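This report describes selected helix and sheet features of one protein model. The sequence and structure are shown first.

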Amino acid sequence: MNVIRINSKNVIFIFFALLSHIVKEVHMCYGNDRLISYALKESNANSTPVFSSRKEEISGLCPAGIPCSELKVECLKCNLNLNCVYGAIYVANCTVAEHVDCIGEQNFQKEYICRYCYQTEHWEHQCLLKNSCSSVASPKQYYRTNCTVNSNILCLGRRKFMKNLRCNWTVGYRWSTALILSITLGGFGADRFYLGHWQEGIGKLFSFGGLGVWTLIDVILISLRYLGPADGSLYI
């Protein structure tokens, strides 16, 4: 017959093991309760502000008190025919979006041309212009930028899209002013200074326009618009 001997050391070990297990279980339960409570709080906290911010956004985009037919396309819900023939004119049934306050009939029709938004003409959308390229480079430089369709144009697809634009920015240099300065004061480098070519301007100034040769060459280059502003922009 086997006899199990229980001494004081075994009792103490068993006691601390049970105590550790109980503390672990209590901690896990408390942690789960805190996690659930936090999730419920975040859910309740986020529900109202999202709705409120959406309502404020619509109110700022769609002013109240104007005829419903004059609202921006962003303030309407229009049914467009996705199976339309490209270039053909269609009629869409439009209704005023929620939280929009306008005057008159809230259900009406609007004409549109069957095309995607990125296929609209350049005067039908606005693009973010950049000046980080040279407008006088050869071959011509292009840059990619964001464009948004005008608010009165109906089109298929996303109203914001990317587009390649030719670099043709200007900062106000006038071709006529540069040409007059080149003819009258070109021997002193006034045309070069005006266009921002400071080093060449100093060279012309101290060489008296290259004894007239440099002056004549610059007159020809500016008259042909071959010589432009140093920053790469175009004349106005």
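A residue is called buried when its relative accessible area is under 20%, and exposed when that area is over 50%. The model discussed here is predicted.

By this criterion, helix 6, which spans residues 213-223, has the buried residues Thr215, Asp218, Val219 and Ile222. Around the helix axis these residues cover an arc of only 105°, and therefore they lie on the same side of helix 6. An α-helix has 3.6 residues a turn, so residues three or four places apart point the same way. Val213 and Leu216, on the other side of helix 6, are exposed. The buried residues of helix 6 pack against helix 2 (175-185), helix 3 (190-195), helix 4 (198-206) and helix 5 (208-211). Just after helix 6, Arg225 adopts a positive phi of about 60°.

The sheet is open and consists of three strands in the order 1-2-3, with antiparallel pairing. Strand 1 (76-79) and strand 3 are at the edges with a single partner strand each, so one side of each has no neighbour in the sheet. On average, neighbouring strands of this sheet are turned by 35° against each other, direction ignored.

Strand 2 (residues 89-96) pairs with strand 3 in the antiparallel sense over seven bridges. Within this pairing, Lys110 of strand 3 is the bridge partner of Ala92, and Val91 stands opposite Glu111 in strand 3. The two faces of strand 3 are listed below.

| Face of strand 3 (residues 107-113) | Residues |
|---|---|
| Covered | Phe108, Lys110, Tyr112 |
| Uncovered | Asn107, Gln109, Glu111, Ile113 |

In a regular strand the side chains alternate between the two faces of the sheet.

Definitions and conventions:
Residues numbered from 1 in each chain as written. Predicted model: local features only at pLDDT ≥ 70, side-chain atom pairs only at ≥ 80, totals over all residues. Heavy atoms only, no water. Buried < 20%, exposed > 50% of the residue type's maximum accessible area, 1.4 Å probe, protein only. Helix = DSSP H or I, 4+ residues; strand = E, 2+ residues; numbered from the N terminus. Arc of directions from axis to C-beta. Contact = heavy atoms within 4.5 Å. Pairing = 2+ DSSP bridges. Axes fitted to C-alpha atoms, helices over the stretch in contact; angles between N-to-C directions.
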